[in-house]
Amino acid sequence: KVNDQEFKKLIDLLKLELRIDHLPNELSGGQQTKVRLALMTMKKSPDVSIITNVTPNHLDVHKDYNEYIEAKANIFKYKNEEDYFIYNIDNEDVMNETKDISSTVKYFSSRNEINGCYVKDNCIYYYGDKVISRDDIFIAGLHNVENCISAIMLVKEFGVSNEIIKDVIGDQGFGDVVVRKK
């Protein structure tokens with residue numbers, strides 16, 4: 001059980017109180033840094049977590065790559081069978097770190113047709129059901145496509161329709177998000 005006072009203290013310390021009632025979505029770089037530091041000391045895993053990749057992009061807040069991997073691994077360290085864990089089956093470091101997870105595991109891939117969410121013929125599929133064309137995703141870069149695939153995997157698990165996904169991810173939703181072009 002999460003101690004409410006400790007949780008509030010951590011949220012206040014990280015200055016994330018304005019985000020507390022928001023649905024999960026992209027955090028700014030500064031907010032991500034704060035969350036990464038919190039992940040290093042967390043004692044409970046979130047009910048639903050996603051790891052898109054493990055790359056040496058965030059070494060500015062970790063002493064080395066191994067510490068960064070350990071911090072990311074904390075997101076699933078305390079998972080149980082009722083929790084969901086979604087990850088990129090294409091990323092070797094993610095695969096190596098997630099061998100012994102005791103939760104419901106779901107996979108996504110931007111390279112191969114798999115039993116999960118994947119890209120095929122320039123479209124994103126969820127267990128064989130075409131969800132959206134990559135041409136309808138207006139943010140550039142493979143990393144953004146993988147973010148979309150992981151988000152689709154998550155929301156489809158909770159019954160969100162393809163139409164709603166298209167409205168959010170397509171040009172009427174995301175549009176051209178400047179911060180994600182990095």
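The model is predicted, so local features need pLDDT of at least 70 and side-chain atom pairs count only at pLDDT 80 or more, while totals for chains, interfaces and linings use all residues. Residues are numbered from 1 along each chain as its sequence is written, and side-chain values use heavy atoms, with hydrogens and water left out.

**The sheet**

- Six strands form an open sheet in the order β1-β2-β3-β4-β5-β6, and their pairing is mixed. Here strands (E, at least two residues) and helices (H or I, at least four) are DSSP runs numbered from the N terminus, and two strands pair if DSSP finds at least two bridges between them.
- At the edges sit β1 (48-51) and β6 (129-133), each of which pairs on one side only.
- On average, neighbouring strands of this sheet are turned by 20° against each other, direction ignored. For such angles, axes are lines fitted to C-alpha atoms, for helices over the stretch in contact, and the values run from 0 to 180 degrees between N-to-C directions.
- Strands β3 (residues 104-109) and β4 (residues 117-120) run parallel and are joined by two bridges. Ser109 has Tyr118 in β4 as its bridge partner.
- Strand β5 (residues 123-126) pairs with β6 in the antiparallel sense, over four bridges. Ile124 has Ile132 in β6 as its bridge partner.
- Two residues lie between the strands in the hairpin of β5 and β6, where Tyr127 takes a positive phi near 45°.

**Salt bridges**

- The structure holds two salt bridges, each being a side-chain nitrogen of Lys or Arg within 4 Å of a carboxyl oxygen of Asp or Glu.
- One of them brings together the side chains of Glu157 and Lys106, at 3.5 Å from N to O. Because Glu157 lies in helix α5 (residues 142-157) and Lys106 in strand β3, the pair ties together parts that are 51 residues apart in sequence.
- Glu157 counts as buried at 19% relative accessibility, and Lys106 is buried with a relative accessible area of 17%. The cut-offs are under 20% relative accessible area for buried and over 50% for exposed, with partly exposed in between (1.4 Å probe, protein chains only).
- The side chains of Lys120 and Glu113 also meet in a salt bridge, at 3.6 Å from N to O. Lys120 counts as partly exposed at 35% relative accessibility, while Glu113 counts as exposed at 52%.

**A buried serine in a loop**

- Ser110 is found in the loop between β3 and β4, and this serine is buried, with a relative accessible area of 13%.
- The side chain of Ser110 makes a polar contact with the side chain of Glu146 at 2.7 Å. A polar contact is a pair of N or O atoms within 3.5 Å; within protein, one must be able to donate a hydrogen and the other to accept it, and residues adjacent in sequence count only if both atoms are side-chain atoms.
- Not counting residues up to four places away in sequence, Ser110 touches Asp90, Val119, Leu142, Glu146 and Ile149; contact means heavy atoms within 4.5 Å.

**Helices**

- Within helix α3 (residues 65-73), the buried residues include Glu67, Tyr68 and Ile69.
- Where α3 starts, a side-chain oxygen of Asp64 reaches to within 3.2 Å of the backbone nitrogen of Asn66.
- Helix α6 (residues 162-169) packs against α5 at an angle of about 145°, with the axes 11 Å apart.
- Cys148, Ile152, Val155 and Lys156 in α5 meet Asn162, Ile165 and Ile169 in α6.
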